[in-house]
Each structure stands twice: as structure tokens, then as C-alpha cells.
Amino acid sequence: MTKATGRVSKARERLLATAGQLFYAEGIHTVGVDRLVAEAKVTNATFYRHFRSKEDLAVAYIGSVDHAIRTQIGTLTAAEAPPDAILRGIGASLVEQIRSPGYRGCAFLNAAAEYPDPDHPVHRAVVQHRAWFLETVTGLFAEIATDSADHAGRHFVMLRDGAMSAGYLGDPVLAGETLLRGIDGLLRIHAARGGDKAPAPPAPAPVAGIDCAPPGE
């Protein structure tokens with residue numbers, strides 16, 4: 001690596017680190033290129049040498065968060081711990097994040113809310129991460145018991161989503177405790193079920209008047 005290449009790599013890393021801090025704390029749409037350039041202490045030419053646009057940088061930001069989570073879970077799996085311990089470890093890591101200073105919810109859900117178009121690269125990057133995460137936790141549940149592993153994996157992801165939202169909007173301590181209890185209960189039920197397939201519960205009747213989305217036209 002030449003000195004010039006080294007400088008370029010450090011500039012890219014600085015831009016990505018700055019974007020990560022600002023995008024997460026304030027939102028992607030609210031942070032302009034001029035501010036990113038100023039706070040990263042690079043030039044406009046350097047910015048556009050590495051990223052074609054701010055949205056290109058936003059995709060890289062989502063990719064960096066995805067990479068960090070994959071690395072973290074990879075560390076747990078490399079330790080050859082039993083699958084239930086890995087799932088509990090993921091939960092403990094989420095609780096630590098929820099209770100950390102400056103926590104502002106899930107970076108992926110926040111980004112998807114800013115880019116609702118399913119064809120947008122940022123939205124696609126979020127969906128790809130969530131597909132990988134679901135596949136990973138489902139595989140861990142399948143190691144415990146094959147039957148209903150898909151259901152358990154989806155349940156785990158919903159517990160995660162709910163806890164990360166509740167931890168930002170409400171009491172992070174209670175959200176973390178609820179998440180860990182939910183994971184514990186899910187693991188106990190899944191392990192006890194083993195190879196037995198429980199009958200599907202009857203479909204609940206909908207309750208009118210409690211929609212969270214605005215009414216359609």
C-alpha cells in the first residue's frame with residue numbers, strides 16, 4: 001500500500017465513521033454532504049472519490065453496521081457454545097446496546113423508515129441484513145429442535161424489534177429485562193416442544209378501532 005493509498009483509505013474510514021455517528025444520531029436525510037465533509041475533515045473531491053452520492057454513503061453505513069453484527073455473532077459461534085447460549089448471548093448484547101448512552105433505536109429500522117421504497121438501495125440493504133439475521137437465528141433454533149424452528153426464529157426477531165423500539169421510546173432497563181425473559185421463555189418452549197408439533201391456535205378475531213397506521217383512502 002502506498003502512502004497515497006493509505007491516506008485515501010483513512011479518509012474513507014473517517015467519512016464512514018462520521019456518517020455512522022451522524023446518520024444514527026440525527027437521521028440520514030437531515031445530514032448533508034457539506035456537514036459530513038466538514039466534520040470528517042476531508043474535501044468534497046475526496047468525498048466523491050469514494051462515494052458517488054450521500055445515498056451511496058448511506059448504503060455503506062448500513063453495510064458497516066451489518067458487518068459489525070455479523071462479526072459479533074461470528075465470535076459467539078466460533079466459541080463453539082451451544083445454540084441456546086449463543087441466542088442468549090445475542091440477547092445480552094442487544095440489552096447492552098439498548099441501555100447504552102445515545103441509543104436511538106435500531107439503525108436498520110430507522111433507515112428503512114427513511115427509505116420506504118423497497119427498490120431503493122438503502123432499503124434493500126436493510127432487508128438483506130434482516131434476512132441474514134432471521135436465517136442465522138432460525139438455524140440456531142433448528143440445532144435445538146428442527147420442528148417449529150422457523151416460527152421460533154421469527155418470534156425471536158419480533159422480540160428483538162419490539163425491545164429495540166421500546167428501549168428507545170420507553171424505559172431501556174425494563175425493555176432489556178422483558179427481552180431476556182422473552183428469549184428465555186421462547187427457548188424453554190422450543191426445547192420442550194422438541195419433535196412434537198403443537199396444534200396451531202385458532203385465528204383471533206380482529207378488534208376494530210386500534211389501527212396504528214393512518215386510514216387508507
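I call a residue buried under 20% relative accessible area, exposed over 50% and partly exposed in between, using a 1.4 Å probe and protein chains only.

**Ground rules.** This is a predicted model, where local features need pLDDT of at least 70, side-chain atom pairs count only at pLDDT 80 or more, and totals for chains, interfaces and linings use all residues. Residues are numbered from 1 along each chain as its sequence is written, and side-chain values use heavy atoms, with hydrogens and water left out.

**Fold.** I looked up the secondary structure next, taking helices (H or I, at least four residues) and strands (E, at least two) as DSSP runs numbered from the N terminus. The protein chain has nine helices and zero strands. Along the sequence I read the pattern α-α-α-α-α-α-α-α-α.

I then checked contacts, meaning heavy atoms within 4.5 Å. Of those in the protein chain with a separation of 6 or more, 67% are between residues 24 or more positions apart.

For the surface I have Shrake-Rupley accessible areas with a 1.4 Å probe, where for residues only the protein chains shown count as cover. The protein chain exposes about 12900 Å², and carbon and sulfur atoms supply 58% of that.

**Core.** A nonpolar core here is a set of buried Ala, Val, Leu, Ile, Met, Phe, Trp, Tyr and Cys residues joined through side-chain atoms within 4.5 Å. Which residues touch the most other members of the largest one? They are Phe23, Ile90 and Phe156, out of 54 residues in that core. Helix 1 (3-26), helix 2 (33-40), helix 4 (54-78), helix 5 (83-98), helix 6 (107-114), helix 7 (121-144), helix 8 (149-169) and helix 9 (172-193) each supply at least two residues of this core. Helix 7 gives the largest share, eight residues.

Leaving aside residues up to four places away in sequence, Phe23 touches Ile28, Val31, Leu36, Lys54, Leu57, Ala58 and Tyr61.

**Pocket.** The search runs on a 1 Å grid over the protein atoms alone: a cavity is a set of points where a 1.4 Å probe fits but cannot get out, a pocket is an open set with protein on both sides within 12 Å along at least five of seven lines, and lining residues have an atom within 4 Å of a point. Grid points are joined across faces, edges and corners, and a volume is the space filled by probe spheres set on the points.

The largest pocket has a volume of about 280 Å³. Of its 19 lining residues, Val65, Ile69, Gln72, Leu94 and Gln97 are the closest to its centre. Helix 4, helix 5, helix 6, helix 7 and helix 8 are the elements that give two or more residues to the lining. Helix 4 has the largest share of that lining, with six residues.

I sorted linings by class: Ala, Val, Leu, Ile, Met, Phe, Trp, Tyr, Cys and Pro count as nonpolar, Asp, Glu, Lys and Arg as charged, and the others, Gly among them, as polar. The lining of the largest pocket comes out as 13 nonpolar, five polar and one charged.

**Cavities.** The search of the whole structure turned up two cavities of 30 Å³ or more. The largest cavity holds about 50 Å³ of space.

I find His129, Arg130, Phe133, Val157, Arg160 and Asp161 around it. Helix 7 and helix 8 are the elements that give two or more residues to this lining. By class it has two nonpolar, one polar and three charged.

Most residues other than glycine have a negative phi. Lys41 has a positive phi of about 60° although it is not a glycine. I place Lys41 in the loop between helix 2 and helix 3 (44-50), and Lys41 is exposed, with a relative accessible area of 67%. Glu80 also has a positive phi, near 60°. Glu80 lies in the loop between helix 4 and helix 5 and counts as exposed at 72% relative accessibility.
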